[in-house]
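Please open the model in a viewer and follow the stops below in order.

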Amino acid sequence: MSFGVVILVHTALGRAAQVIRHWARSGCPVAVHVDAAMKPARYARFRAQFDDLSDRVLFCERHRCEWGGWGIVAATQSGAALMLERFPDLGHVYLASGACVPLRPVAELDAYLRDRPGTDFIESARVAHVPWTVGGLSEERFTLRFPFSWKRQRWLFDRYVALQRRLGVRRRLPEGLEPHIGSQWWCLSAATLRAILSDPQRPALDRYFRRVWIPDESYFQSLARRWSGRIESRSLTMCKFDFQGKPHLFYDDHLPLLRRSDCFVARKIWPRAEAIYAQMEAGGHPAGAAEPAPARIDRVFAEATERRVRGRAGLYMQSRLPHEGWENGFTAAPYGVLEGFAELYEGFGAWFAKASGATVHGHVFAPEGAEFEDGASIWRGALAAAPELRDHNAQRFLTNLIWNGRAGRQVFQFGPRDSQFVSWDIAKDPNARIGVISGAWAVPLFASGLPVARLKDEAARLQRVEADHLEALRSPHAKARVRVWTLAEFLETPDEALARILADIAPGRTGPLPAPPALRPLEGFGRFLQEMRNQGMHPYLTGDVPAEPPAPRQPAPRPYIVRPHG
């Protein structure tokens, strides 16, 4: 083989050994670095597995490797120096980890590198030119000092960064150094790697990079720019990152995607991905002279990132809670909210379900409990009717109700007697189609037959609640489609109002409007409202209902007006 492999190992030793043996059996010399944090006895057992390959599998000086620290660079230097010393005729050195798995035959990678002598495959970009950095430290990783472990000494790490910022600390770069960053996983020509390791400034460069943040993503990436004759700024190892900057883990169900990419190596592979490791043992997936094309599968990972960050509208995942505003839409589908209709009509829910084809619930926020369709005590998604469970988080109850019925249209009743936890939520929800008959709460009070003196305080309370709700519906922040009629306005043309709200909630409905159900008896209702006024409670949200409500009428035609000339 024209190239050797430096492998960094710290976990999943069984799989790491399998990968090392695969490289070695394919003809590649392998320099192995094992994290110094591993206990000596365990290290000895791991190393003894390769006694039969001692001519090809080498073990270098060990360093303690922590994420974001210098140890990873020191480990790479040790492995690379040993590789170049023992195999001076190599054309390239490929850096990998124990979780990097060859996807294609090793011979294809060897042929690819032979055809490109002197080319260095290393992602190397100026910090200011790329948006890769996650966590707030981009240029500062080179201008501040980082002597503390980000994982083990996080408090000290954060306090020391804050102190340096406050003092205006700015480190001086070594002469001639222009910082670059990129993927840790590279394949450098032997000539470039020798030049980096024997750089006359190496003691000063190493001292500087010891206090750089995540130096394994900048040390070789910066120094390759000083010594390389030809850089291909890309890695031959496919590694995808999520929106937090963490590498994706590949499982067996990713195998078709990995094959489609035509990449030589992929990381990180889940240790139990049996199919991926079995493909490696079988020699890999042949792709001939095909150029690695990780961009072919970028769309899939972009969609995964989008799903991870934004989710699906109306579906709330642990990763986005309790962060308000992270949701991708409050609810999953359009739904209807009817306020006051059931109070005016007998059997309104059944009629509206037949007319619209929707699932029509009762008052799902009623104080006694949720009134699901057909009186169910448990609804789809294991939603319970119990009010204490519902009101523990009424917003999530509503989003679950809509999510679990998103295949069709759902409608529920709402009113001032109900729990008002979701009043503002439905007002701001673009999926909500809301029809309100203000003042309709007075009809059940009238039907109770109780004296006005006993009802006026309850009427005042319901009116205050409904006024607050109407304020939310009329707010500049409201995004729902809202229609509001006073009770007096509705009683003038009820059939027209019903047709409008039906068109809002069931826009695809065709055919004539079914005959509406009968209005509840309202003889004496106007006098009841007047008596409320006489006792000091003014039911203004009902509108001006006359002493006897008028018979429903059709809208009057527009008169023909004759205008004089001149």
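**First stop: H1 and H11**

Select Arg15, Gln18, Val19, His22 and Arg25 in H1, which meet Glu274, Tyr277, Met280 and Glu281 in H11; contact means heavy atoms within 4.5 Å. By class, this contact of H1 with H11 has three nonpolar, two polar and four charged residues, where Ala, Val, Leu, Ile, Met, Phe, Trp, Tyr, Cys and Pro count as nonpolar, Asp, Glu, Lys and Arg as charged, and the others, Gly among them, as polar.

This is a predicted model, in which local features need pLDDT of at least 70 and side-chain atom pairs count only at pLDDT 80 or more, while totals for chains, interfaces and linings use all residues. Residues are numbered from 1 along each chain as its sequence is written, and side-chain values use heavy atoms, with hydrogens and water left out.

Now display helix H1 (residues 13-25) and helix H11 (residues 274-281) whole: their axes come within 10 Å and cross at roughly 20°. That makes H1 roughly parallel to H11 (angles under 35 degrees count as roughly parallel, over 145 as roughly antiparallel, 65 to 115 as roughly perpendicular and the rest as oblique). Axes are lines fitted to C-alpha atoms, for helices over the stretch in contact, and angles run from 0 to 180 degrees between N-to-C directions. Helices (H or I, at least four residues) and strands (E, at least two) are DSSP runs, numbered from the N terminus.

**Second stop: H3 and H7**

Select helix H3 (residues 71-86) and helix H7 (residues 190-197), which pack at an angle of about 120° with axes 11 Å apart. That makes H3 oblique to H7. Gln77, Ala80, Ala81 and Leu84 in H3 meet Ala190, Leu193, Arg194 and Leu197 in H7. The residues of this contact divide into six nonpolar, one polar and one charged.

Colour the five strands of the open sheet, whose order is E14-E17-E13-E18-E19 and whose pairing is parallel; two strands pair if DSSP finds at least two bridges between them. The edge strands, E14 (359-363) and E19 (481-486), each pair on one side only. Within the sheet, five bridges join E13 (residues 335-339) to E18 (residues 432-438). Leucine 338 stands opposite glycine 435 in E18.
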